[in-house]
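Please consult the sequence and the structure shown here while reading.

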4 protein chains.
Amino acid sequence: MDLKLSEEEKLIRKTAAEFVDKELIAREGAYLRQPAPFLPPGAPSRREFDAATRTELTERARQVGLWTLELPQSLGGSSMSAVARVLIHREFGRSILPFRPISIPAFLFESKYGEQLANGSLSLALAFGEVHKTGELSGLQTLYREEPDGCILRDSSIFISNPRADLYLFPAREQGTQRLGLFAIERDLQGVTIGDEVDLTTDGTVARMVLKQCKIPTEQLLGYEYEAGAIVAGEQLNIAARSLGIGMRCLAASIEHAKNRVTFGRPLAQRQAIQWMLADLSIDIRTSTWLTLEAAWRADQELSYFEEAALAKKRAAKMAFQAADTAIQIHGGYGVCKEFPFEGFYRDARLMRLLYGREAELDRAAGERFLTSS
Amino acid sequence: MDLKLSEEEKLIRKTAAEFVDKELIAREGAYLRQPAPFLPPGAPSRREFDAATRTELTERARQVGLWTLELPQSLGGSSMSAVARVLIHREFGRSILPFRPISIPAFLFESKYGEQLANGSLSLALAFGEVHKTGELSGLQTLYREEPDGCILRDSSIFISNPRADLYLFPAREQGTQRLGLFAIERDLQGVTIGDEVDLTTDGTVARMVLKQCKIPTEQLLGYEYEAGAIVAGEQLNIAARSLGIGMRCLAASIEHAKNRVTFGRPLAQRQAIQWMLADLSIDIRTSTWLTLEAAWRADQELSYFEEAALAKKRAAKMAFQAADTAIQIHGGYGVCKEFPFEGFYRDARLMRLLYGREAELDRAAGERFLTSS
Amino acid sequence: MDLKLSEEEKLIRKTAAEFVDKELIAREGAYLRQPAPFLPPGAPSRREFDAATRTELTERARQVGLWTLELPQSLGGSSMSAVARVLIHREFGRSILPFRPISIPAFLFESKYGEQLANGSLSLALAFGEVHKTGELSGLQTLYREEPDGCILRDSSIFISNPRADLYLFPAREQGTQRLGLFAIERDLQGVTIGDEVDLTTDGTVARMVLKQCKIPTEQLLGYEYEAGAIVAGEQLNIAARSLGIGMRCLAASIEHAKNRVTFGRPLAQRQAIQWMLADLSIDIRTSTWLTLEAAWRADQELSYFEEAALAKKRAAKMAFQAADTAIQIHGGYGVCKEFPFEGFYRDARLMRLLYGREAELDRAAGERFLTSS
Amino acid sequence: MDLKLSEEEKLIRKTAAEFVDKELIAREGAYLRQPAPFLPPGAPSRREFDAATRTELTERARQVGLWTLELPQSLGGSSMSAVARVLIHREFGRSILPFRPISIPAFLFESKYGEQLANGSLSLALAFGEVHKTGELSGLQTLYREEPDGCILRDSSIFISNPRADLYLFPAREQGTQRLGLFAIERDLQGVTIGDEVDLTTDGTVARMVLKQCKIPTEQLLGYEYEAGAIVAGEQLNIAARSLGIGMRCLAASIEHAKNRVTFGRPLAQRQAIQWMLADLSIDIRTSTWLTLEAAWRADQELSYFEEAALAKKRAAKMAFQAADTAIQIHGGYGVCKEFPFEGFYRDARLMRLLYGREAELDRAAGERFLTSS
């Protein structure tokens with residue numbers, strides 16, 4: 001047993017930490033304090049990240065190897081281990097800026113979209129419908145059937161959380177065989193409409209993707225059950241890692257604030273109530289870290305890891321939520337101000353608790369496995 | 001012991017419930033789904049309630065006796081009991097619309113502002129600074145001294161949460177005696193500036209009120225320690241009552257959703273996880289109700305009630321927070337959509353937990369009383 | 001609404017409190033520190049209460065009206081209200097001595113056993129089998145059928161928790177009709193054997209009651225569904241009331257200890273951690289008190305109260321458990337010593353959480369009612 | 001990073017697991033069901049483990065290398081790593097039998113007691129007084145001073161939890177220098193009396209050790225601050241490891257019971273409430289395992305590990321407590337019967353939560369470190 005990070009892993013972590021400190025956290029003030037914007041009529045009123053900066057940051061992240069983390073070495077990437085990806089997503093999680101690497105399943109780099117995905121000229125999102133909520137592929141309802149000139153997707157309507165991507169991965173089950181197929185669907189495919197965009201409590205949106213009489217070339221059927229499962233587990237690991245980052249940021253900021261803020265004649269830091277909250281949070285971060293690293297390590301070892309990823313996400317997202325709550329409690333009035341990142345972490349974490357398995361559902365699934373196994 | 005509401009109290013509750021159902025909840029859809037507004041340049045982008053509707057609703061509420069609840073009978077009001085006010089605020093709490101009766105301390109109706117406050121042509125807010133957070137008057141820092149031609153307030157700067165009121169109640173301690181005085185300060189008093197308005201996680205704001213070389217006519221010193229304490233306890237009771245309303249709304253909506261929503265082949269309502277959450281919430285609502293009614297009843301009986309009000313607020317606000325969290329969990333994706341009221345309750349309740357005493361501070365205060373008393 | 005106790009209720013509470021202080025708590029030292037007893041070979045080694053003292057205390061309790069609380073006025077009793085009984089059981093709950101009034105359903109006083117039960121020469125216990133655990137009559141499994149010369153109980157075997165009573169109330173369902181009948185079974189009835197006594201974690205035992213070819217005179221069928229339900233609700237109220245007493249004792253003793261005990265140079269009482277625990281406990285006691293009084297008050301008003309009694313028991317028993325845990329935590333080493341009452345309260349409360357409905361079962365039942373009703 | 005156990009560690013675990021299954025768990029039935037014993041007058045009435053079996057088991061454990069785990073290779077031992085010791089104590093924790101290896105600090109094997117400790121003819125215990133409770137050496141109050149013919153211990157009186165050992169390790173601070181010295185005190189040293197043995201809620205006892213005018217040869221001063229700290233950390237790791245064993249046993253037994261037990265017409269295992277409890281418990285076991293292994297691994301790597309050991313003990317003991325509570329809840333009536341091990345685990349775990357640092361104290365210590373550091 002060796003619980004140390006390797007030298008390579010330490011370097012990756014350090015690179016990511018520096019990028020996040022210098023490029024993201026340094027920009028938070030401007031982002032959070034953006035004045036009530038002079039909006040064109042009808043424009044959305046939510047807090048947004050301007051496109052030019054996003055492009056520039058993407059370029060810089062790419063230069064230091066913090067983008068398209070799954071890119072194979074054959075295409076000039078470093079096909080990072082799952083552990084390394086956790087370390088990177090953890091660092092990005094520390095910033096409230098809505099900027100972090102998108103996961104692109106490695107098999108996509110072998111498709112016709114590979115090059116565009118690798119250079120960033122094509123953006124990718126998941127259209128996983130109910131699976132976004134439950135984390136279980138068993139809930140999939142769209143069917144498809146293969147015909148000589150392509151696959152016909154049955155008409156359906158699902159929610160997606162990234163309504164502006166160029167390309168969507170869309171899972172469906174083959175009529176009859178129930179075999180799961182994972183399709184790459186272009187945004188402007190005939191029969192696809194995306195609309196009814198709705199604001200979420202976070203600064204994001206959801207929209208409705210409607211498929212009507214869609215036919216897709218069979219070569220765009222790119223994966224099956226295992227690939228879809230790995231994508232879900234990967235998203236769960238990303239959420240878990242991002243949660244760790246939120247926890248670390250909230251803890252560090254709360255300690256700093258507690259040391260400096262004086263109430264009723266002495267620093268907050270000397271109050272036991274505050275000490276308790278911080279001690280509890282620090283242990284929760286530590287245990288969530290182990291659950292997350294363990295799942296990622298298992299993935300790298302080619303051991304089964306889907307269940308571990310689900311549990312790590314459950315615990316870590318709950319911890320991030322608690323971390324934001326604690327930071328608000330300790331920062332008091334500042335905690336609920338939009339100029340500080342904590343209320344944003346708090347809203348983000350609420351959504352993260354729902355994504356890819358609500359707590360009760362993950363517990364049920366785990367409980368059922370126990371009781372049927374052995 | 002008689003735990004029933006009186007006939008009069010039942011009538012008040014019924015009137016308030018009908019008003020809230022017909023006038024407020026019926027308007028929620030329009031309020032929550034307001035399209036990205038065509039804003040004048042520089043206008044705030046947060047969700048707002050339009051002024052015309054607000055005026056109209058105020059008039060209707062006044063007609064059925066649900067406004068200026070403290071107005072004495074001598075001025076045509078009904079000087080409602082604390083229990084009755086809890087019943088009314090509980091009903092208003094059920095709606096996410098930012099519309100509910102402002103509490104106006106009875107002694108103000110005897111001041112020169114009385115008539116304008118009674119007819120609504122003057123709006124009132126509290127400028128209680130740190131007390132908004134701690135719920136304790138001991139934290140007050142502004143000093144004043146009386147001079148022949150009025151009271152001089154020492155220069156100070158505090159946060160206020162209602163930056164657009166016409167009149168503020170401002171507590172300060174007399175230099176030397178430490179006696180607390182409660183001043184009525186008009187918005188345009190010389191030396192007062194209100195600025196730096198900042199968005200909160202709720203759809204509200206805070207701003208900074210700065211006093212510089214303010215002199216106030218002595219006749220505007222309208223109350224003392226007890227009056228200020230009663231105002232804090234009154235605000236705590238209002239928050240507790242509003243929390244009960246949030247709890248009731250979230251519970252009712254969750255039950256309704258759970259009955260109708262089918263997942264994995266059976267109604268949500270049949271899942272034990274859901275049943276548990278709802279059973280727990282219902283008991284929490286019940287216990288918070290008793291704590292709140294007990295504090296209000298003590299106020300009406302002229303028993304001491306400040307501590308009871310503080311504890312009721314602590315428990316009830318925590319319960320409202322939990323209620324919103326449960327409603328989000330049960331509604332899933334809808335729960336975090338801005339079209340539904342739950343994410344709004346959730347943000348509001350987070351702030352309510354901080355107002356007039358964070359949990360840890362109230363516990364400390366209660367603990368200290370235990371250990372010094374008897 | 002009037003939340004005050006009546007003068008009569010206050011007097012009852014005072015009488016009970018004095019009895020418990022003078023007669024029970026004063027004897028605890030001797031009971032808890034009883035030396036390793038000189039036991040006759042084969043005698044049980046658990047802590048027991050000697051029979052002579054028990055008899056004497058019973059007599060004294062009877063003299064001040066604190067025994068056979070349900071005895072009708074026609075038989076010289078005071079047929080106390082449910083609220084009064086809660087007040088009395090709460091006081092008895094404050095002592096660790098295994099001595100408290102047994103509830104005797106009023107209808108039994110009209111049976112042939114009435115006089116003996118009233119004067120204490122006959123002892124009564126419940127043989128409710130699974131109902132002791134679940135609190136639900138629906139789980140009853142023993143059947144009976146009426147024949148000309150008496151009722152035949154089908155052979156069965158159940159657990160009972162009072163293996164030395166003279167008379168048992170035994171519920172069974174009529175074959176075919178499923179009508180519930182409540183039988184009075186004498187200990188030495190032919191076909192009844194009681195054996196296999198087993199120690200519990202408390203200082204009590206359970207044993208197995210086996211019925212084989214039992215026939216009972218029809219006149220000993222003394223009640224039906226409602227009476228059985230009222231007995232369960234009554235036991236739940238007793239447990240709730242006793243829990244309140246445990247909570248009060250643990251809180252008072254912990255405050256006392258915290259004031260006097262000095263660690264690391266200052267009284268425990270000044271530590272926030274301690275203050276928090278005590279503040280939390282005091283609110284839990286208060287809310288459990290309201291739930292319990294509300295259920296009892298409803299019973300007295302002839303409103304439905306079974307569900308309320310079940311919820312009061314659930315919350316109060318959990319609170320008593322937490323109270324004992326807190327007292328142990330605050331008393332440290334003394335807390336786990338058998339010379340102090342806290343470890344005993346802790347073991348008792350663990351059992352009380354299981355009796356007449358475990359938490360999860362009560363929640364499920366409450367949840368199901370919600371979701372089927374209206 | 002490599003999260004796998006080494007082959008050697010796996011073998012150690014397997015050996016310990018087999019020993020516990022075959023030698024300990026197989027004997028539990030007899031131990032738990034021992035009939036009310038035919039005691040000699042005045043003998044203690046608590047559950048005890050008979051001496052002959054204890055001797056025999058010790059011998060067998062020694063044969064397979066599961067005793068005197070710290071014995072250096074030079075003396076024929078294997079001086080096991082901290083990780084290996086955690087694996088062994090975890091297995092012993094699975095049995096309710098009061099039989100597990102005593103930790104003997106390695107430096108003692110170099111003293112004149114070394115051989116006797118190694119062959120088991122001398123038994124060792126700690127006399128750490130307040131440190132047993134707080135886990136902090138700063139609370140030590142006994143002073144000593146060195147004189148030409150030995151060290152004089154100032155008169156003192158402390159509690160010890162193993163009143164029948166032959167040899168005690170006793171820490172004291174040097175008058176003036178405050179340097180901590182660790183003494184080996186023989187039971188029959190002049191001036192030492194051990195008395196006032198008192199039963200605990202577990203089947204153990206505490207007693208009072210009184211020192212009066214004790215003088216100890218200077219050669220029996222065997223260690224200093226670091227050695228005492230390492231002993232405390234070692235005890236914390238043992239408790240953490242034993243807690244893991246309790247958790248594993250309770251989880252396994254609860255799963256088994258839930259699969260077989262049918263209530264209301266279906267196996268317990270199908271109830272979500274049960275599934276939840278088990279899922280939650282399994283994650284808690286996993287996180288406590290990581291915290292414990294991490295602390296042990298750090299000890300083996302010669303990194304600082306005292307804080308980590310304290311936190312591991314805090315979380316693991318709380319988890320063991322919860323595990324026993326869950327097992328009782330799931331086993332219902334059986335759970336509180338003395339014939340089953342769960343109520344015993346529950347009482348043991350309550351004490352383990354208090355030993356070497358109550359939760360609140362550990363949190364305070366951790367909180368203070370945060371806020372003073374960096």
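## Interface between chains D and A

In this predicted model, the count between chain D and chain A is 7 salt bridges. A salt bridge of 3.0 Å, N to O, joins the side chains of A:Asp284 and D:Arg315.

Chain D contributes 43 residues to the contact, and chain A contributes 43 residues. About 4,200 Å² of area is buried between chain D and chain A, with carbon and sulfur atoms giving 66% of that area.

## Relation of chains A and B

Two copies of a chain are related by a rotation about an axis and a shift along it. For chain A laid on chain B, the turn is 180° and the shift along the axis is 0.0 Å, with an RMSD of 0.0 Å. This is the relation of a two-fold axis. The same surface serves both copies, since 100% of the contact residues of chain A recur in chain B.

## Helix H2 of chain B

Helix H2 of chain B comprises residues 51–63, 13 residues in total. From first C-alpha to last, H2(B) reaches 19 Å, close to the 18 Å expected at 1.5 Å a residue. After H2(B) comes B:Gly65, which has a positive phi near 80°.

B:Thr53, B:Leu57, B:Thr58 and B:Ala61 are the buried residues of H2(B). They lie on the same side of H2(B) because they cover an arc of only 135° around the axis. These buried residues pack against helix H1 (7–32) of chain B, whereas B:Ala51, B:Ala52, B:Thr55 and B:Gln63 are exposed on the other side of H2(B).

Note on methods: Residues are numbered from 1 along each chain as its sequence is written. Chains are lettered from A and ligands numbered from 1 in the order in which they are written. This is a predicted model: local features need pLDDT of at least 70, side-chain atom pairs count only at pLDDT 80 or more; totals for chains, interfaces and linings use all residues. Side-chain values use heavy atoms; hydrogens and water are left out. Helices (H or I, at least four residues) and strands (E, at least two) are DSSP runs, numbered from the N terminus. The expected span of a helix is 1.5 Å times one less than its number of residues. Buried means under 20% relative accessible area, exposed over 50%, partly exposed in between (1.4 Å probe, protein chains only). The arc is that of the directions from the helix axis to the C-beta atoms. Contact means heavy atoms within 4.5 Å. Copies are superposed by least squares on the C-alpha atoms of residues with pLDDT of at least 70 in both. Buried area is the accessible area (1.4 Å probe) that two parts lose on being put together, summed over both. A salt bridge is a side-chain nitrogen of Lys or Arg within 4 Å of a carboxyl oxygen of Asp or Glu.
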